[in-house]
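I opened a new notebook page for this model and wrote down what I looked up, one entry at a time.

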Amino acid sequence: MAIKQVSDQSFSSDVASGTVLVDFWAPWCGPCKMIAPVLEEIDQELGEKVTIAKLNVDENPDTAGRYGVMSIPTLMIFKDGEVVDKLHGFQPKEQLIEWLTPHM
């Protein structure tokens, strides 16, 4: 599977079913650039079990505001449309998989 780019307009339907890991990010954010290849690897390994989505907070301020995103990167796990967990800042791949696994 490929990482999905989501927007304010598509967000509700994008997280409506299954387990979705959303990366709230911006192009100017250093830690966001560091976490991007880690998320690519996780997508390749776990893509059948979880959808990984990215939301650019600069281009989609409504959704970022609705979910109280104050710092980036912020990662949120949605299960059938509801936030079940969140994490802030860069995390190594092993920790992200450990954090994500109980929700799959």
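**Entry 1: salt bridges**

I searched the whole structure, which is a predicted model, and found four salt bridges. I kept in mind that side chains of opposite charge can pair when their charged atoms come close.

I began with aspartate 14, which forms a salt bridge with lysine 4; their closest N and O atoms are 3.2 Å apart. Aspartate 14 sits in helix 1 (residues 11–14) and lysine 4 in strand 1 (residues 4–6), so this pair ties together parts that are 10 residues apart in sequence. I then looked up how covered the two partners are. Aspartate 14 has a relative accessible area of 14%, so I noted it as buried, the limit being under 20%. Lysine 4 is at 36% and counts as partly exposed.

Next I took aspartate 23 and lysine 54, a salt bridge whose closest N and O atoms are 2.8 Å apart. Aspartate 23 belongs to strand 2 (residues 19–25) and lysine 54 to strand 3 (residues 51–56), so the pair ties together parts 31 residues apart in sequence. Is aspartate 23 buried or exposed? I found it buried, at a relative accessible area of 0%. Lysine 54 is at 10% and counts as buried.

**Entry 2: a network**

I moved on to glutamate 41 and lysine 93, whose side chains meet in a salt bridge at 3.1 Å, N to O. Glutamate 41 is in helix 2 (residues 30–46) and lysine 93 in helix 4 (residues 93–100), 52 residues apart, and the pair links distant parts of the chain. Which residues does the network join? I wrote down Glu41, Glu45 and Lys93, which are joined by salt bridges that share partners. As for cover, glutamate 41 is partly exposed, with a relative accessible area of 37%, while lysine 93 is buried at 18%.

**Entry 3: a loop residue**

I looked up glutamine 91 and placed it in the loop between strand 5 (82–88) and helix 4. Its relative accessible area is 17%, and glutamine 91 is therefore buried, since buried means under 20%. What is glutamine 91 in contact with, leaving aside its neighbours within four places in sequence? I listed Ile35, Val38 and Leu96.

**Entry 4: the chain as a whole**

I stepped back to the whole protein chain and counted four helices and five strands. Along the sequence, I read the pattern β-α-β-α-β-α-β-β-α.

I then checked the size. A compact globule with 104 residues would have a radius of gyration near 13 Å; the protein chain has 12 Å, which agrees. The C-alpha atoms fill a box of roughly 30 × 30 × 20 Å along the principal axes.

What share of the 104 residues is buried? I noted 47%. I also took contacts between residues at least 6 apart in sequence, and 72% of these join residues at least 24 apart.

For the surface, I noted that the protein chain exposes about 5,400 Å², and that carbon and sulfur atoms supply 53% of this area. Last, I looked up the charges: there are 8 positive and 16 negative ones, and their mean positions are 1 Å apart.

How values were computed. Residues numbered from 1 in each chain as written. Predicted model: local features only at pLDDT ≥ 70, side-chain atom pairs only at ≥ 80, totals over all residues. Heavy atoms only, no water. Helix = DSSP H or I, 4+ residues; strand = E, 2+ residues; numbered from the N terminus. Buried < 20%, exposed > 50% of the residue type's maximum accessible area, 1.4 Å probe, protein only. Rg over C-alpha atoms; globule rule 2.2 N^0.38 Å. Contact = heavy atoms within 4.5 Å. Areas by Shrake-Rupley, 256 points an atom, 1.4 Å probe, with all protein chains shown as cover. Lys, Arg positive; Asp, Glu negative; His and termini not counted. Charge placed at Lys NZ, Arg CZ, Asp CG, Glu CD.
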